[in-house]
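Work through the exercises below with the sequence and the structure at hand. Try each task before reading its solution.

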Amino acid sequence: MTQGHGGHEHGHGHDHDHDHDHDHDHDHDHGHDHHHEDDTITFRVRALERIAIEKGLVDPKALDALIETYEHRVGPRNGARVVAKAWTDPAYRELLLRDATTAIASMAYVGRQSEHLVALENTPKVHNIVVCTLCSCYPWAVLGLPPVWYKSAPYRSRAVSDPRGVLRDFGVDLPADVEVRVWDSTAEIRYVVIPERPAGTDKLTAAELSALVTRDHMIGTAR
Amino acid sequence: MNGGQDLGGMQGFGPVVAERDEPAFHHEWERRAFAVTLALGMLGRWNLDMSRYARENRDPADYLSSSYYELWHKGLERLALDKGLVTAEELRLGRAVAARDPSLVAPDAAAAMQILANSRGAKLEDPVAPRFAVGERVRVKNLNPPTHTRMPRYCRGKQGVVHVDHGVYVFPDTHAMGLGAKPQHCYSVRFGAEELWGEPRADVVHLDLWDDYLERA
């Protein structure tokens, strides 16, 4: 259930009786534009949810299950396990590079926004970086929901035209002799980057290796 | 459409700023907007391409000043109105007024999870021949549809090489407008950074582009 996770902003979580919490804020937040905007969208979202529930268009338990799944169950640890398996199992690596959709399905990672997955392998001379300039396409089954910066105008505008500058924003200064390959996710094919296995990790298990793999490695904003 | 969503190559937005230990959602309303968008979509009254068009088809100033989940919600309101799931009066009042439509059955939690897991995506089995071969040089047509398209303007008129033939896919330009899937091949096309941006560097950009966007170079 999701109750209890939503209390950060206004001091209380989602109320199933749809008590409008923006009313509280007006008592101590006169004329604060940011809060006013937030209250407007808060009201609009609550309104549509309530209408949809009252008309039987959505099941509140389904809403909770969807949030629980994408907030807590699906995330970049899935992708990190895929990468670690590729690093330690040559047959799996070969399958992942040939047919990533099948490869992740074999680890039970399936579904929405990952129906057609392609894995991109970094090498000492190639660095891959993934973006969606038109919206926010992202391989949910292996990485979860995208971070705000991935969906933001600075990233979406510059990742295609100035990928090396974007990498510098992330503290990565790529040598000139490493080719950058940008992948703009304009269709329903989703991309995940397989980073290079770090040197000196020969004795680590797959579980230990997966702890070294971050979300940013698999987007391509870390090296 | 040449709208606010088509951001590739724009300038002036400043550096990319990543938040440390970022939560999946920043506000309770974002959770609800996300879940209601997915759940209402499961009723099958619209497709993903229609959802994208509903989010992007607005004044670019509105697009660029709205947060991500605000755009999701604004697009959802529009679709729910257009497809008759809710009325403008209901949205204004914040409660149901019109009667239920007994033909619409909301999936329960288990059914919703099944729908997500079984999502089949946009690949089709239609026996459509590819118009281009891997390795062939292509040019992106000079198309400016005022409706939904997945051809970013930064590749328009540019030459690239077909890198991978992904197979036959739903064509979003027609699918978003309710004009059918128009099955055709979708390719990964590789463009040099110099071709796209006029800069003499070896880097490349790949875009996934459909037959209808391309011509022989």
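**Exercise 1.** In this predicted model, find the strand of chain B that pairs with strand 3 of chain A, and state the sense of the pairing.

*Solution.* Start from strand 3 of chain A; its partner is strand 4 of chain B, residues 204–210. The two strands run in the parallel sense and are joined over four bridges. For one position in this pairing, take A:Trp183: the residue opposite is B:His206, in strand 4 of chain B.

**Exercise 2.** How many residues does each chain give to the contact, and how much area is buried between the chains?

*Solution.* First count the residues: 81 come from chain A and 90 from chain B. Next take the area: the two chains bury about 7500 Å² between them. Of this area, 61% lies on carbon and sulfur atoms.

**Exercise 3.** Count the salt bridges across the interface of chain A and chain B, and examine the one formed by A:Arg44.

*Solution.* The rule finds seven salt bridges across the interface. A:Arg44 has B:Glu77 as its partner, with the closest N and O atoms 2.7 Å apart. That distance counts as a salt bridge because the cut-off is 4 Å.

**Exercise 4.** Which elements of chain A give two or more residues to the side that touches chain B, and which gives the most?

*Solution.* The helices are helix 2 (33–54), helix 3 (60–73), helix 8 (148–151), helix 9 (153–161) and helix 10 (163–169). The strands are strand 3 (179–184) and strand 4 (189–194). Helix 2 of chain A gives the most, with 14 residues. By type, the residues on this side of chain A divide into 40 nonpolar, 17 polar and 24 charged.

Notes. Residues are numbered from 1 along each chain as its sequence is written. Chains are lettered from A and ligands numbered from 1 in the order in which they are written. This is a predicted model: local features need pLDDT of at least 70, side-chain atom pairs count only at pLDDT 80 or more; totals for chains, interfaces and linings use all residues. Side-chain values use heavy atoms; hydrogens and water are left out. Contact means heavy atoms within 4.5 Å. Buried area is the accessible area (1.4 Å probe) that two parts lose on being put together, summed over both. A salt bridge is a side-chain nitrogen of Lys or Arg within 4 Å of a carboxyl oxygen of Asp or Glu. Ala, Val, Leu, Ile, Met, Phe, Trp, Tyr, Cys and Pro count as nonpolar, Asp, Glu, Lys and Arg as charged, and the others, Gly among them, as polar. Two strands pair if DSSP finds at least two bridges between them.
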